Amino acid sequence: MIARLSAAAAAAAAATALLAAPAGAVAQELKIGYVNSDRMLRDAAPAKAAQAKLETEFGRREKELNDAAARLKAAADKFEKDQVTLAEAERARRQRDLVEQERDLQRKRREFQEDLNQRKNEELAAVVDRANKVIKQIFDSEKYDLILQDPVVFAGPRVDITDKVIKALNAAPAK
């Protein structure tokens, strides 16, 4: 698994490696790569598949919540219009019903959001695990000395291997 290093820690590690290396080894250039995690998690096919899976899995429930919110708003608007003509007991009963419906809707939205976040984290963890395996394969096969992931302050296009990682992820069969 590729550890995430801060830019300062990466620079310190590279400087230490250069200082500790024998004079002949310094003449060899270090091979360093950088992976833009945000772009990888946005553009790679497994990340897109995970997002589509979540949309399919949670779309119906989200629509039901939106429909319930629209019905509640319509009921509240009707109550607002009708309340001046209602008897005190009927007005209080309808107001309690609206408050109860609002509480129920908020509870359902919280549960939905918690379930969605949990599934997003599960799907993201699976994609990140696959990406780390791909990065490790690239590291080994192309003999990199160091591969960094975000957060990196600056990285030039010469060391950016994000496209290689995305291509390898897209080519790898889903498990």
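A salt bridge here is a side-chain nitrogen of Lys or Arg within 4 Å of a carboxyl oxygen of Asp or Glu. By this rule the count comes to 24. This is a predicted model, where local features need pLDDT of at least 70 and side-chain atom pairs count only at pLDDT 80 or more, while totals for chains, interfaces and linings use all residues. Residues are numbered from 1 along each chain as its sequence is written, and side-chain values use heavy atoms, with hydrogens and water left out.

On confidence, pLDDT is the predictor's own score for each residue, from 0 to 100. The chain averages 85, and 83% of its residues reach 70 or more. Over residues 1-8 the pLDDT is below 50.

Now for helix H4. Helices (H or I, at least four residues) are DSSP runs numbered from the N terminus. H4 covers residues 45-82 and reaches 53 Å from its first C-alpha to its last. A kink of about 45 degrees is centred on Phe58, taking the bend as the angle between axes fitted to the seven residues ending there and the seven starting there. Phe58 is also one of the buried residues of H4, where buried means under 20% relative accessible area, exposed over 50% and partly exposed in between (1.4 Å probe, protein chains only). Cover for the buried residues of H4 includes helices H3 (37-43), H5 (88-141) and H6 (162-171).

| Pair | N to O distance |
|---|---|
| Glu123 and Lys53 | 3.3 Å |
| Arg94 and Asp82 | 3.6 Å |
| Arg107 and Glu111 | 3.1 Å |

Glu123 in H5 and Lys53 in H4 sit 70 residues apart, so this pair links distant parts of the chain. Glu123 counts as buried at 12% relative accessibility, whereas Lys53 is partly exposed at 44%. Arg94 in H5 and Asp82 in H4 are 12 residues apart; Arg94 is buried at 18% and Asp82 is buried at 15%. Arg107 and Glu111 both lie in H5, 4 residues apart, about one turn of the helix. Salt bridges that share partners also join Arg39, Arg42, Asp43, Asp160 and Asp163 into one network.

What about the greasy side? A nonpolar core is a set of buried Ala, Val, Leu, Ile, Met, Phe, Trp, Tyr and Cys residues joined through side-chain atoms within 4.5 Å. The largest one has 13 residues, and Met40 is among those touching the most other members. H5 gives the largest share, 4 residues. Apart from it lies another core, of 10 residues, including Phe58 and Phe79.

How values were computed
Contact means heavy atoms within 4.5 Å. Helices (H or I, at least four residues) and strands (E, at least two) are DSSP runs, numbered from the N terminus. The expected span of a helix is 1.5 Å times one less than its number of residues.
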